[in-house]
Amino acid sequence: MVKRRTKIVATLGPATDAPGMLEKIITAGVNVVRINFSHGADLALARIAAVREAAKKLNTTVGIMADLQGPKIRIARFQKAKVILEKGAQFILDASLPSTAGNDVSVGIDYKELPNDVRVGDTLLLDDGRIVLIVKKVEDSRVICVVEVGGELSNNKGINRLGGGLTADALTEKDKADLLVAVAGGVDYVAISFPRDARDMQIARDLLTAAGSEAGLIAKIERAEAVGLIDEIILASDGVMVARGDLAVEIGEAEVPGAQKHIIRRARALDRPVITATQMMESMIENAIPTRAEVSDVANAVLDHTDAVMLSAETAVGAHPDRVIAAMSRICMAAEKTRSTQAFEYDLELECVRVDEAIAMAAVHTANHLNIKAIVALTESGSTPLMMSRLCTGIPIYGLSHHTLTLGKMTLYRDVYPLYFETAAAITENTSKEYEEYIVRLRQDGLIGEGDLILVTKGDHAGIHGGTNMLKILRVNKEGD
């Protein structure tokens with residue numbers, strides 16, 4: 001059975017709240033759901049519960065990622081909801097203006113530190129770059145600009161500074177409160193918006209630890225300065241997201257493809273999963289089929305070995321979320337047939353510093369030089385399957401664990417398929433019966449067949465993270481032994 005190797009992340013919203021739609025998108029191929037905490041904690045908790053119920057009904061594991069809102073670097077509101085800005089006209093961003101007093105010459109701003117962050121000559125991009133302003137003067141609370149690119153500007157649109165440099169903290173007070181709600185909901189990942197450096201991720205880590213959670217942290221790369229510090233941010237995180245919307249505004253849209261490839265490459269080299277996001281199938285918010293450009297965009301991310309591709313408005317408010325998921329799944333599987341996605345990457349100069357790392361590398365090397373049909377990794381933390389997944393291979397890796405959080409985390413790893421299995425007793429007994437039990441399980445699920453060679457990794461003792469120290473090759477016979 002050919003399985004899709006690249007994972008699909010789908011954003012929940014009004015469209016997926018429709019009766020039966022969660023089950024439809026999970027059946028169509030969703031691996032992880034993204035829950036946007038911008039829309040309120042109570043709604044987020046209700047959606048978390050609904051996902052858990054749907055996944056249980058379908059007897060599968062679906063990861064849950066809470067996406068924190070981050071700082072609101074936005075304009076305020078206009079008296080008449082919107083204005084038209086003409087090229088060459090003066091327009092003022094005023095931190096002291098009442099929040100609903102905007103007009104065609106000035107508007108308030110939610111981010112009160114903007115006058116301190118900008119300099120004369122800076123380029124400010126509003127509404128994802130549709131409006132371009134050049135800073136001409138800063139007077140106290142007022143940023144006086146001239147319109148470089150005009151057009152319609154409506155309430156609450158975002159502000160970016162070309163080249164980055166806005167000093168807003170990545171975690172607001174709202175985010176800190178929402179993080180605790182996400183922990184209470186038992187999410188598998190928490191995504192941090194607009195981190196500037198490793199320190200922002202460490203602050204989030206400390207908050208998670210204090211709340212008693214081991215959920216994974218995802219750094220959303222959407223600030224220009226984050227690209228220059230990508231290695232330290234990756235190492236401080238459990239995964240990264242190439243958030244191409246705000247990133248394109250800050251570094252320029254022409255720079256995004258190169259940055260995307262670089263971030264994917266560094267994440268894989270540093271043993272972290274990576275998500276490629278934003279406008280991947282945008283036309284399918286309304287249309288029944290994607291554009292050829294969207295097909296190429298998704299396929300190229302797969303060819304670059306991204307772990308996951310993400311849908312936003314396409315599933316949150318789109319006309320047919322399940323159809324979008326099915327289309328994206330087909331594109332991923334077609335791209336995965338390409339030889340380059342299955343070419344085994346092995347650095348002979350690489351030195352392993354941990355036993356489980358050596359076992360992971362040896363397992364994948366062996367599997368690619370023997371006719372191995374599947375790799376089975378009994379795991380406590382998921383670290384061994386993660387390390388295996390960093391090495392390009394077309395061989396499925398089944399991560400067996402009895403830890404709910406470990407299973408949830410593995411939903412994001414390319415090539416890895418989480419399966420619940422009560423491993424504790426089996427690991428302790430260390431008899432031939434332990435292998436018989438999970439081989440029977442895999443055969444029942446149609447994942448392996450008679451005569452197949454499978455490779456198994458495990459540790460001698462239960463409950464030890466990073467304790468994988470054994471590799472064994474087995475042949476499946478008629479009895480499933």
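## Basis

This is a predicted model, in which local features need pLDDT of at least 70, side-chain atom pairs count only at pLDDT 80 or more, and totals for chains, interfaces and linings use all residues. Residues are numbered from 1 along each chain as its sequence is written, and side-chain values use heavy atoms, with hydrogens and water left out.

## Second largest pocket

The second largest pocket holds about 1,100 Å³ of space. A pocket is an open set of points on a 1 Å grid over the protein atoms alone, where a 1.4 Å probe fits, with protein on both sides within 12 Å along at least five of seven lines; lining residues have an atom within 4 Å of a point. Its volume is the space filled by probe spheres set on the points.

The lining has 32 residues, and Asn59, Thr60, Thr61, Pro418 and Leu419 lie nearest the centre. At least two lining residues come from each of α1 (21-28), α2 (41-57), α16 (404-410) and β19 (416-420); β19 gives the most, with four. Helices (H or I, at least four residues) and strands (E, at least two) are DSSP runs.

## Strand β19

Four of the five residues of β19 are buried, so the strand is largely enclosed by the rest of the structure. Buried means under 20% relative accessible area (1.4 Å probe, protein chains only). β19 pairs with β18 (residues 397-401) in the parallel sense over five bridges; pairing requires at least two DSSP bridges. Leu419 in β19 stands opposite Leu400.

## Cysteines

Cys145 is buried at 1% relative accessible area, and Cys332 is buried at 0%. The whole structure has zero disulfides, a disulfide being a pair of cysteine sulfur atoms within 2.5 Å.

Conventions: Buried < 20%, exposed > 50% of the residue type's maximum accessible area, 1.4 Å probe, protein only.
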